[in-house]
Amino acid sequence: MAPLWAQAFLLVTMAMTDVQGTVEKELSPECREFLYMGTPPVGLEDHSLQKICQRYNNKPRYVTLYDTANHVPIYSAYTFKRSDGEKRVDVPWMYEPQLSTVSDTREMQAFPRGYMHRNFEDAQAILDDYTNAVLYERGHLNPDEHQADPDDKASTYTLTNVVPQVREFSAGTWKEQEHVIRKRLNNYCHGTAYVVTGITTSGNMIRRHNIDRVAVPTYLWSAYCCTDYDHNAPYDERYKFPAFAHYALNEKENNQVLELSVKKLEEFLQRSTFVDKNFQIFADDCVQPAFALH
């Protein structure tokens with residue numbers, strides 16, 4: 001059952017708005033369920049950024065803030081599901097039809113076979129952008145190993161949820177950290193874990209036909225919030241609750257993961273990217289109101 005704050009937010013918002021689109025100016029109540037306190041990160045404002053409620057098979061799955069100018073997600077926000085870490089291998093790569101076209105569907109769609117230039121590629125990455133990018137591979141922000149339901153896993157295979165990751169970094173350092181977080185949340189988070197994973201960029205681009213197409217991240221970062229956790233966990237895990245974070249350099253070498261508090265991550269991102277001084281990943285810094293009063 002949803003917490004009381006979520007129920008109240010849902011009732012109020014349903015009374016105020018009836019949002020139907022996948023690409024949304026204001027996220028609908030059912031999409032805010034993937035955000036702690038129903039609130040997306042604040043301090044990220046730009047005309048080229050679009051909020052996507054990622055839908056698959058008639059259900060919302062997670063939320064992405066997408067940069068239509070640089071053709072990469074700035075972050076994906078999702079709820080972690082207890083998982084054995086298995087990957088799906090039978091899912092075609094998909095795109096978001098409503099980013100740049102008038103569409104009858106509210107859902108991500110598989111790329112059509114043998115397509116020529118279509119107007120949806122003006123606002124998002126396509127498969128051809130990665131074809132000759134030999135240094136990089138498509139790296140998930142919301143990784144399928146952090147999901148359990150087959151459809152939730154499948155929904156992560158959209159290019160609006162991936163960024164160019166250096167191959168050695170993606171398959172090594174970052175993948176290992178995804179395993180670490182999965183095991184930690186599996187073992188010690190009793191309630192809902194809200195996760196936000198994002199990037200910073202510095203102007204480096206994948207080019208296709210001599211045109212800048214996809215921004216290459218400088219850093220990848222991630223933070224989680226779980227207020228219902230095992231207070232008897234070993235100290236080296238317990239102090240990483242209710243919230244903790246990490247980041248790493250998207251390079252072949254010198255790409256060690258640094259774990260740190262969410263506040264320290266926010267300070268790092270304020271120095272490293274275009275977020276403003278009010279940037280906050282989780283509402284109330286992932287402190288429940290009842291505890292904040294004491």
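Guide: A disulfide here is a pair of cysteine sulfur atoms within 2.5 Å. The model is predicted, so local features need pLDDT of at least 70 and side-chain atom pairs pLDDT 80 or more, while totals for chains, interfaces and linings use all residues. Numbering runs from 1 along each chain as its sequence is written, and side-chain values use heavy atoms, without hydrogens and water.

Visitor: How many disulfides does that rule give?
Guide: Three.

Visitor: What's the handedness of the C31 and C53 one?
Guide: Left-handed, because the torsion about its S-S bond is about -80 degrees. C31 sits in helix α2 (residues 29-32) and C53 in strand β2 (residues 49-56), so the pair ties together parts 22 residues apart in sequence. Helices (H or I, at least four residues) and strands (E, at least two) are DSSP runs, numbered from the N terminus.

Visitor: And C189 with C226, which hand?
Guide: Right-handed, since the torsion there is about 100 degrees. That pair links loops 37 residues apart.

Visitor: Is C226 buried or exposed?
Guide: Buried, at 0% relative accessible area. Buried means under 20%, exposed over 50%, partly exposed in between (1.4 Å probe, protein chains only).

Visitor: What does C225 bond to?
Guide: C286, with S to S at 2.0 Å. The torsion is about 85 degrees, so this disulfide is right-handed.

Visitor: Switching topic: which residues touch the most other members of the largest nonpolar core?
Guide: F111, L185, Y224 and F241, out of 50 residues. Such a core is a set of buried Ala, Val, Leu, Ile, Met, Phe, Trp, Tyr and Cys residues joined through side-chain atoms within 4.5 Å. A second, separate core of 33 residues includes C53 and W221.
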